[in-house]
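Colleague: I am new to reading protein models. Could you walk me through this one, feature by feature?

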Amino acid sequence: MALRARIVLALAVAVPLLALAATLVRYFEFRAAADGAGTHGTVVVEQGFTAGSGDEVCTGTFTPDGGGPAVEVDVEVDGRCKEGAVLDAFLVEPAPLHPDWWGRPTAWTAGTGTAAHLAPVVVVIVFLVVPVALAALLLRPRP
């Protein structure tokens, strides 16, 4: 197999695998919060803005129930961000494998445990299978 073909095949496998890993880390954070792991407290939604991807991003300040310092967090809410809203939440610290660009800890609020959080996993798996299959078809030896 030519060097160019090997590079294309390696990229077709590596990029979706990295995306899958990042998506699974986020999914496990969601599961931890849904199962009551993390620190219970309240979060005040301070800002909502539209990210470059078109997704609405909420940020705010989380205060643990048992006292302690307030923490600046990303806030997962059910629906749209409502600035000034005070919500019950579970704080989940970023996993050790988090890329630096992913950001801060996340406060997960009630209602964020929907099947929509599984959609990225399905999409990534599709984007893993399709490129690898196409690469295998395009790069197979020809008689």
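Modeller: Start with burial. A residue is buried under 20% relative accessible area, exposed over 50%, and partly exposed in between (1.4 Å probe, protein chains only). Leucine 91 has 7% relative accessibility, so leucine 91 counts as buried. Of the 143 residues of the protein, 28% count as buried.

Colleague: What should I know about the model itself?

Modeller: This is a predicted model: local features need pLDDT of at least 70, side-chain atom pairs count only at pLDDT 80 or more, and totals for chains, interfaces and linings use all residues. Residues are numbered from 1 along each chain as its sequence is written, and side-chain values use heavy atoms, with hydrogens and water left out.

Colleague: How many helices and strands does the protein have?

Modeller: Helices (H or I, at least four residues) and strands (E, at least two) are DSSP runs, numbered from the N terminus. Here there are two helices and five strands. Along the sequence the pattern reads α-β-β-β-β-β-α.

Colleague: How do strands hold on to each other?

Modeller: Strands of a sheet pair through backbone hydrogen bonds, either parallel or antiparallel. Two strands count as paired if DSSP finds at least two bridges between them. In this model, five strands make a closed barrel in the order β1-β2-β3-β5-β4, with mixed pairing. Neighbouring strands of this sheet are turned by 50° against each other on average, direction ignored. Such angles run from 0 to 180 degrees between N-to-C directions, with axes as lines fitted to C-alpha atoms, for helices over the stretch in contact.

Colleague: Which strands does β2 pair with?

Modeller: Nine bridges join β2 (residues 56-64) to β1 (residues 39-50), and the two run antiparallel. Five bridges join β2 to β3 (residues 71-76), again antiparallel.

Colleague: Do β3 and β5 run parallel or antiparallel?

Modeller: Parallel, with three bridges. β5 covers residues 106-109. Valine 75 stands opposite alanine 107 there. Alanine 107 also lies 4.4 Å from leucine 91, C-alpha to C-alpha, though the two are 16 residues apart in sequence. Leucine 91 is in β4. β4 in turn pairs with β1 through six bridges, running antiparallel. Valine 44 stands opposite valine 86 in β4.

Colleague: Which cysteines does a disulfide join?

Modeller: A disulfide is a covalent bond between the sulfur atoms of two cysteines. The rule asks for a pair of cysteine sulfur atoms within 2.5 Å. By this rule the count is one. Cysteine 58 is joined to cysteine 81, S to S 1.6 Å. Cysteine 58 lies in β2 and cysteine 81 in the loop between β3 and β4 (86-92), so the pair ties together parts 23 residues apart in sequence. The torsion about the S-S bond is about -95°, so the disulfide is left-handed. Both cysteine 58 and cysteine 81 are buried. Cysteine 58 is also the bridge partner of glycine 48.
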